[in-house]
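Subject: Structure handover

Hello,

Here is the structure you asked about. Please have it open while you read the notes under it.

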Amino acid sequence: MAMVTSANVPVDPTEMRNVTEEDPRDLAANVNEWDEVVLPITFLPAKKQEEGEKISLAKNLADDDESEVVKDEPTYAVSVVKTEVTATTQSETVTKISSKVKAELVNVDEGEGASGRLLMEWAQLPLVGQSCASHTWRQRDPTYQSMMEQRDLLAAKRRSERIQRVCESLFVLLAVFIRARLLWCESCHPGFVKRLFRLHVPREEAPKRSRCEGSSAKVKGAYVFVKAVAAAKVLTAESTKPSYRKPSLAPAWVTCAKDVVQNKTSAAVKILIETINNYFKLKPAPPASSSEREASAGAVACDVAPSSVEQDFSDWSLPVKPRFLFTKMAECHYRVSADEPVELPHPLYFSLLFLALARVAGLSCRLVVAKLAKTPLEKARAAARAGGITNGDKGAIEGRGDAADDESEEGARRPLRALSIFQDREKRKASDRTGSSGAASAGKGSKRPRSSAVMAQDIKESEELKSKKLPTSCYWVEVWSAERESFLSVNPCQGCATLWGASYTLSVSGHVAVDATPRYISKYSTAYTYGRRLGTCQQHRFLWHDKLSWDDTRELSEVLRATFNVAAPHTSALAQRQQQRESRQLHSLMYSEAVPTTLNALHHHPLYVIDSDLARHEGVWPKDASTTVGSVKGHMVYKRSAIVSLRSRDGWLHEGRSLLTEDQPAYKVVAPPASRPFAAPSAFYCRWQTQPFEPLPLTAGNPPSIPRHGRTSWYILLDKTPPPGIVHMTQPQISRVARRMKLDFGLAVVGFERRRTDEHRRAHWETVINGIVVKETDSIALLRAYEEWVQLVQEQETLKRRQRVFHWWLLLAQRLLSLKRLQNQYAKGLSAGAMPTQ
């Protein structure tokens, strides 16, 4: 690299003169070192250097009459050797060396020699091909046209793939909503509830009762679900008393093992889920296959705990068998036993059983579905982890021991860590740390080696710990607590845990659907990583075909959720109260995480935003304590939910709104772009600075005048009725008459339209003008003059039509006479074909 850069660094002429006086054989030998150097390609033409400033360096390489003279400036001799050494013969050894240099530096396949090229000072010849300066693309060039077509095709392909991905994600989310609604409705089916209450304990297994108990106690003891629902109904009725009311928005869970709420509603829920788990249980995992058993046996031989088959219930799209619970209850002849519970293959059925019983007990419940969104990147990383360890990481992981597991877990939490260029350095540091700690621990424990019995005990404990890990379910239930005025999360299945941290967690009932993701995730911002959630309506406006408002900033999931909600006038007061309290809880949980402390972390953050990250047409309102969350390095941080869309004065007219006052101060003033430095700054206004549009009245004066829009001759009317004193006249071309009469009028603008020029872009707004507006005092005279003008125009048109008809008849007569003369002269008589004589 030093030899390449030396040609671009001017040095002392005396030193370079010594270089030129060296033996050319040594110089040619040094040229061989350039094989490993990649020289840059020069595209710029160079000046031809003057003859007087060049000297010869090849007089010792070959004779004057058999080789060309190598010339260059004395101060840059090395660069001259690189670029302009040429030879014409290959007979002598020195000439062969010079031709070798030329083959390395110049393309020998070119017709022109290197000496015929113009080289700029300190420039070098391209190694391959010709200079791109001589090849300029032209629009009519077939290659250029095919390249542009290929570019358009690739852009269309990327756009179609993006639309396909968005639509697939949207339809998947829609399927989740539909499935949850159908499952909730099926759980409330009267036939299902009736068959569920028919489940009873056989008489021989029922507990003994005293003689004083009547038939009603006997029925309650035999039909355990009827008894559980009756007890839960009593507790639910007591929970509505004002004395038990203690409002709280903190999330809480109720399971078979724990009840942290300790109120009447949680007690009723606990009775129901205990009854369900006493007579139903989750079906255990199927036994491992022969290959898995061999793998587990090999693991035991290597002193590693064998891996068992784990159940996974985190897939919401699990196929459900029709009438499965009906079949199960019919198979057992509606008899249940605590000693032999009925096995159910999925926790979903536990949730359906709880919904059916809770509805009869008077509890307001919802079915919760958690949807995992695995992007292609996450799937690829999961496949890589399942496939095994790569060769590059194998040696490092073997030397680290247990630290490899920690790092793999950390890599699972941070998928982008594998893309870091410092990964190898971090691994090396981690291996050094673990190696040193391992050596220290080995030094301490080397005195007492571990026996085989201790190792077997460790394996047994690890198996027990692994067996205690419950499978994860994506279905559970929410119950409304009247005391807390919030929803309680209930896991009705004792043999599984609930899915935590999913990208979408939806709570669905018969009349409402809620996105309850903030309630079941530690940090809500992590749900947006790697594109797990869909974007906003503004990002995917092509899906809606202008069915939504232009300033709608909701997510696509919120638009889908709104279609499943029943309108407020058609719901009960309790349902409206539930939605209000739940929206407050979800909003507080959404912004419960800490604000980032760096500006880089705030860029594109899904929850927080600063003023510098806002677009020119965006603002924050209101800027008060409800939207301000703090400041980072002098920048105020706001909630992203407080972002509103801004528009100019004319932009709000396109939406049918006008400013409150003409001198309304702008919310935001944006300087013109650098491409238009002399343009006026743009003023933007918020929606609360506008009002529904009303046409302007006559301007006060003597006489009053028609108000106009800015510097135009427009009068903005839109679809409104003109104010008193102004008349809207829509006769064709009536503006010509008003202009000739020199009346005060304005062109009536009845709307605005914007034509679509592309799939994503549109043209500028165009005004729709229909007639004019004039003062009421001038309307009668204008109408009379317009009628006279129309009559005059009709008379002129009639006269022009008559003259035109006369002209056409004259042309017809002339052509008929000419035809008659030609027929008489050339087609009839003895003189046919003879020249006419005078």
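Below is what was found, starting with the whole chain and then moving to single residues.

Please keep in mind that this is a predicted model. The average pLDDT of the protein is 75, and 65% of the residues reach at least 70. One is residues 128-134, for which the model has eight contacts beyond four places in sequence. The other is residues 215-220, with three contacts beyond near neighbours in sequence. Where pLDDT is low, the predicted coordinates should not be read in detail.

Overall, the protein has 838 residues, of which 34% count as buried. Its secondary structure comes to 24 helices and 25 strands. Among contacts with a separation of 6 or more, 69% join residues 24 or more positions apart.

E478 sits in strand β8, which covers residues 475-481. Is E478 buried or exposed? Its relative accessible area is 0%, so E478 is buried. The side chain of E478 makes a polar contact with the side chain of R519, at 2.4 Å. Leaving aside residues up to four places away in sequence, E478 touches residues that include S364, C365, R366 and V368, as well as F487 and L488. A516, Y520 and E582 are also among the residues that E478 touches.

V637 belongs to strand β16, made up of residues 635-639. With a relative accessibility of 0%, V637 also counts as buried. T627 lies 10 residues from V637 along the chain, and the C-alpha atoms of the two are separated by 8.6 Å. T627 is also one of the residues that V637 touches. Others on that list include V595, L602, Y608, V609 and I610, along with T628, V629 and G630.

Salt bridges

The count of salt bridges comes to 18.

- R151 and D152 meet through their side chains, with 3.6 Å from N to O. R151 is partly exposed, with a relative accessible area of 48%, and D152 is partly exposed at 44%.
- E274 and K270 form a salt bridge in which the closest N and O atoms are 3.7 Å apart. Both are in helix α10 (residues 264-279), and because they are four residues apart there, about one helical turn separates them. E274 counts as partly exposed at 37%. K270, at 17%, is buried, since the cut-off for buried is under 20% relative accessible area.
- R647 and E655 form a salt bridge with the closest N and O atoms 3.0 Å apart. R647 is buried, with a relative accessible area of 16%, whereas E655 is partly exposed at 33%.

Which residues make up the network of salt bridges? R245, E485, R577 and R581 are linked in it.

Regards

Definitions and conventions. Residues are numbered from 1 along each chain as its sequence is written. This is a predicted model: local features need pLDDT of at least 70, side-chain atom pairs count only at pLDDT 80 or more; totals for chains, interfaces and linings use all residues. Side-chain values use heavy atoms; hydrogens and water are left out. Helices (H or I, at least four residues) and strands (E, at least two) are DSSP runs, numbered from the N terminus. Buried means under 20% relative accessible area, exposed over 50%, partly exposed in between (1.4 Å probe, protein chains only). A polar contact is a pair of N or O atoms within 3.5 Å; within protein, one must be able to donate a hydrogen and the other to accept it, and residues adjacent in sequence count only if both atoms are side-chain atoms. Contact means heavy atoms within 4.5 Å. A salt bridge is a side-chain nitrogen of Lys or Arg within 4 Å of a carboxyl oxygen of Asp or Glu. pLDDT is the predictor's confidence in each residue, from 0 to 100.
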